[in-house]
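Here is a colleague's note to keep beside the viewer. Please check each point against the coordinates.

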Amino acid sequence: MLRMFDWWFRIRFWKRVVLGFVLGALAGWLFGPDAERWFGPLGDVYVNLIKMIAIPLVLFAVISAVSSLHGKQSVAALGVRTFLWFAITAVLAVAVGLAVGLAMKPGAGVDVSALQVASDYKPKDVPGPLDVLFNIVPQNPFRAFAAMGTGTTADGLSVMVPSNYTILQVIFFAGLVGFALVRIGDKGTQLRALVAEANALMIQVTRFVLEFTPLGTFGLIAALVGGYGFEKLLPLGQFVVALYVACALHIAIVYSGLLLAHGLNPLKFFRGASPAMQVAFVASSSFAALPLSLRSAIHNHGVDKDYAAFAVPLGASIKMDGCGAIYPALAAVFIAQYTGIELSASQYFIIALASVLGSFGTAGVPGTAVIMATVVLSAAGLPLEAIGYLYAIDRVLDMMRTMTNVTGQMLVPVLVARETGLLERETYEAAPTNLGLEGDGRA
């Protein structure tokens with residue numbers, strides 16, 4: 001038994017994840033709908049483990065990062081540069097979504113009578129930009145750590161409900177504490193050391209949890225393949241293909257082009273990003289992939305750990321090229337095509353502008369893709385009920401959208417680190433893939 005475990009852990013991390021993916025797909029195909037009942041809990045437990053560590057990992061990493069970044073680089077300058085690249089890549093993502101929609105015409109010839117609104121679809125309430133901005137500041141930071149907020153029932157009772165803005169609230173509070181540690185100077189020496197030790201502790205806990213990734217991948221994919229009827233995809237197959245093509249082009253061409261423009265080898269970036277990309281695709285959650293994204297940026301790409309601890313969690317909250325840019329732009333074109341609406345140049349501009357600005361305005365809101373589609377369709381004057389058709393296949397769409405999101409969340413810190421001298425080229429050029437889980441993490 002010990003030899004078997006030793007053999008298993010000697011296999012590269014990404015290979016174990018791929019093996020879990022393949023075996024999960026096979027199990028889902030063999031067991032059919034029963035796979036969801038038998039293997040789904042494995043995936044659920046894994047996602048819960050990831051969510052368990054994400055908030056304490058972000059809390060201690062950001063506090064340590066902000067207090068350590070003082071004197072190394074201007075925190076404000078790094079923040080502005082990071083936001084600028086978030087915006088630039090979002091604009092490029094919208095352009096890709098529109099271009100693929102116009103070229104592939106996924107809405108042309110769709111039989112509207114064959115489309116059905118998802119049974120579990122509920123129209124989303126779109127929060128205003130000020131609502132999102134004000135909710136970044138937590139009323140109670142401990143409630144934010146618990147991922148909970150307050151709500152009111154119909155009869156006026158105050159109850160605890162899941163919070164929409166948890167990660168952004170944690171980042172805000174942690175950043176404030178980090179700045180306070182800088183300002184109190186030597187008085188905070190012991191506290192800074194304690195935070196650094198807590199950060200090191202959470203990194204070790206993260207290593208333990210990440211070892212469950214292959215098993216979690218197996219459970220998630222088995223449940224998806226077994227429980228997801230192929231017949232759901234047939235009426236909207238053209239849209240599914242178009243979205244996957246658009247995301248693949250954005251990753252392979254736009255991201256690679258930006259890396260080449262910065263003198264970086266794209267293949268080495270994707271090699272280092274592959275573990276987080278795999279988990280993002282399987283789990284369909286930037287939040288679930290956050291610990292891997294952070295470790296990939298540091299251990300595989302050589303981004304300064306203090307800057308990465310600030311930029312990657314921020315990106316996981318507001319950097320959504322797949323959900324917030326490509327998907328709503330492509331969905332708008334698709335709906336216009338199958339309903340026979342001829343979009344004007346001004347409508348295309350509105351779609352692009354709403355996609356870029358809306359992706360920041362809905363930061364931290366669950367179901368970002370559906371919220372964004374609602375915002376963009378409303379702005380362009382397109383029928384909102386069509387979102388219910390796309391929601392029926394949202395799980396399959398979300399896999400590729402999320403992988404695109406997470407890839408961009410790792411890309412921007414690499415670009416900014418390269419521009420500001422915070423990138424360790426030796427680590428980047430070595431192109432490790434193992435997240436520092438064992439040995440020196442090099443493949």
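**Notes on the model**

1. Start with Ala 369, which lies in helix 16. Helices (H or I, at least four residues) and strands (E, at least two) are DSSP runs, numbered from the N terminus. Ala 369 is buried, at 4% relative accessible area. Buried means under 20% relative accessible area, exposed over 50%, and partly exposed in between (1.4 Å probe, protein chains only). Leaving out residues up to four places away in sequence, Ala 369 touches Cys 323, Tyr 327 and Arg 401. Contact here means heavy atoms within 4.5 Å. Ala 369 and Tyr 391 are 22 residues apart in sequence, and their C-alpha atoms are 9.8 Å apart.

2. Some ground rules. This is a predicted model, where local features need pLDDT of at least 70 and side-chain atom pairs count only at pLDDT 80 or more, while totals for chains, interfaces and linings use all residues. Residues are numbered from 1 along each chain as its sequence is written, and side-chain values use heavy atoms, with hydrogens and water left out.

3. Next, the overall picture. The protein chain holds 19 helices and two strands. Of its 443 residues, 54% count as buried. Take the contacts with a separation of 6 or more: residues 24 or more positions apart account for 83% of them.

4. Back to helix 16, residues 368-380. This helix has 13 residues and spans 18 Å from first C-alpha to last, close to the 18 Å expected at 1.5 Å a residue. The expected span is 1.5 Å times one less than the number of residues. Helix 16 is mostly covered, with ten of its 13 residues buried. Among them are Val 370, Ile 371, Met 372 and Leu 377. Just after the helix, Gly 381 takes a positive phi of about 75°.

5. Which residue caps the N-terminal end of helix 13? The cap is Asp 304: one of its side-chain oxygens lies 3.0 Å from the backbone nitrogen of Asp 306. A polar contact is a pair of N or O atoms within 3.5 Å; within protein, one must be able to donate a hydrogen and the other to accept it, and residues adjacent in sequence count only if both atoms are side-chain atoms. Helix 13 covers residues 305-318 and reaches 20 Å, close to the 20 Å expected for its 14 residues. Of those 14 residues, 13 are buried, so helix 13 is largely enclosed by the rest of the structure.

6. Helix 4 (residues 75-104) packs on helix 13 at about 35°, with the axes 11 Å apart. Axes are lines fitted to C-alpha atoms, for helices over the stretch in contact, and angles run from 0 to 180 degrees between N-to-C directions. The crossing is right-handed. A crossing is right-handed if the near helix is turned clockwise from the far one by less than a right angle, and left-handed if anticlockwise. On the helix 4 side, the residues in contact include Phe 83 and Phe 86; on the helix 13 side, they include Tyr 307, Phe 310 and Leu 314.

7. Helix 9 (residues 213-227) and helix 11 (residues 266-283) pack at about 30°, axes 9 Å apart. That makes helix 9 roughly parallel to helix 11. Angles under 35 degrees count as roughly parallel, over 145 as roughly antiparallel, 65 to 115 as roughly perpendicular and the rest as oblique. Helix 9 passes helix 11 in a left-handed crossing. Thr 213, Thr 217, Leu 220 and Ile 221 of helix 9 meet Val 279, Val 282 and Ala 283 of helix 11.

8. Most residues other than glycine have a negative phi. Lys 105, not a glycine, has a positive phi of about 50°. Lys 105 sits in the loop between helix 4 and helix 5 and is partly exposed at 45% relative accessibility. Ser 284 has a positive phi near 55°. Its place is the loop between helix 11 and helix 12, and at 12% it counts as buried.

9. Is Thr 404 buried or exposed? Thr 404 is buried, with a relative accessible area of 0%. This residue belongs to helix 18 (residues 394-420). A polar atom of its side chain lies 2.9 Å from the backbone oxygen of Met 400. Beyond four places in sequence, Thr 404 touches residues including His 250, Tyr 255 and Asp 321.
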